[in-house]
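Please keep the model open while reading.

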Amino acid sequence: CEAGESDACMMLAGLHLAGLGVPADDQRALALYQQACTDGAPEACVMRAELAADPDAPPRVEPLVAGL
């Protein structure tokens, strides 16, 4: 994320949200989605808004694995 790679940052956020390969961490996912949004990934803005609105909702898998 530090390199401004918004797509990679968004994918990392999805991994943290779903707990795939890393411990599940909604707060880390939220921060990473915010960074990706700031760096120009509109999909990350949507995911961040959804997570902030309902942190207990199950993660949407489609955007998380679309780039894998």
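The mean pLDDT of the chain, where pLDDT is the predictor's confidence in each residue from 0 to 100, is 82, and 79% of the residues reach 70 or more. This is a predicted model, in which local features need pLDDT of at least 70 and side-chain atom pairs count only at pLDDT 80 or more, while totals for chains, interfaces and linings use all residues. Residues are numbered from 1 along each chain as its sequence is written, and side-chain values use heavy atoms, with hydrogens and water left out.

Helices here (H or I, at least four residues) and strands (E, at least two) are DSSP runs, numbered from the N terminus.

**Helix 2 and its surroundings**

At the start of helix 2, a side-chain oxygen of Asp 25 reaches to within 3.1 Å of the backbone nitrogen of Gln 27. Beyond the helix comes Gly 40, whose phi is positive, near 110 degrees. Within helix 2, Ala 29, Leu 30, Leu 32, Tyr 33 and Ala 36 are buried, where buried means under 20% relative accessible area, exposed over 50% and partly exposed in between (1.4 Å probe, protein chains only).

What does His 16 touch, not counting residues up to four places away in sequence? His 16, placed in helix 1 (residues 6–18), touches Val 22, Pro 23, Ala 24, Asp 25, Arg 28, Ala 29 and Leu 32. Its relative accessible area is 13%, so His 16 counts as buried. Gly 19, in the loop between helix 1 and helix 2, is partly exposed because its relative accessibility is 29%.

**The nonpolar core**

A nonpolar core is a set of buried Ala, Val, Leu, Ile, Met, Phe, Trp, Tyr and Cys residues joined through side-chain atoms within 4.5 Å. The largest one has 13 residues, of which Met 10, Leu 17, Ala 29, Tyr 33, Ala 36, Ala 44 and Leu 51 touch the most other members. Helix 1, helix 2 and helix 3 (42–53) each supply at least two residues of this core, and helix 2 gives the most, with five. Leaving aside residues up to four places away in sequence, Ala 44 touches Met 10, Tyr 33, Ala 36 and Cys 37.

**Disulfides**

The structure holds two disulfides, each defined as a pair of cysteine sulfur atoms within 2.5 Å. With the bonded cysteines of the chain numbered in sequence order, the pairing is 1-2, 3-4.

| Disulfide | S to S distance | Torsion about the S-S bond |
|---|---|---|
| Cys 1 and Cys 9 | 2.0 Å | 100 degrees, right-handed |
| Cys 37 and Cys 45 | 1.9 Å | about 95 degrees, right-handed |

Cys 1 counts as partly exposed because its relative accessibility is 26%, whereas Cys 9, at 0%, counts as buried. Cys 45, at 29% relative accessibility, counts as partly exposed.

Notes:
Polar contact = N/O pair within 3.5 Å; in protein donor to acceptor, adjacent residues only side chain to side chain. Contact = heavy atoms within 4.5 Å.
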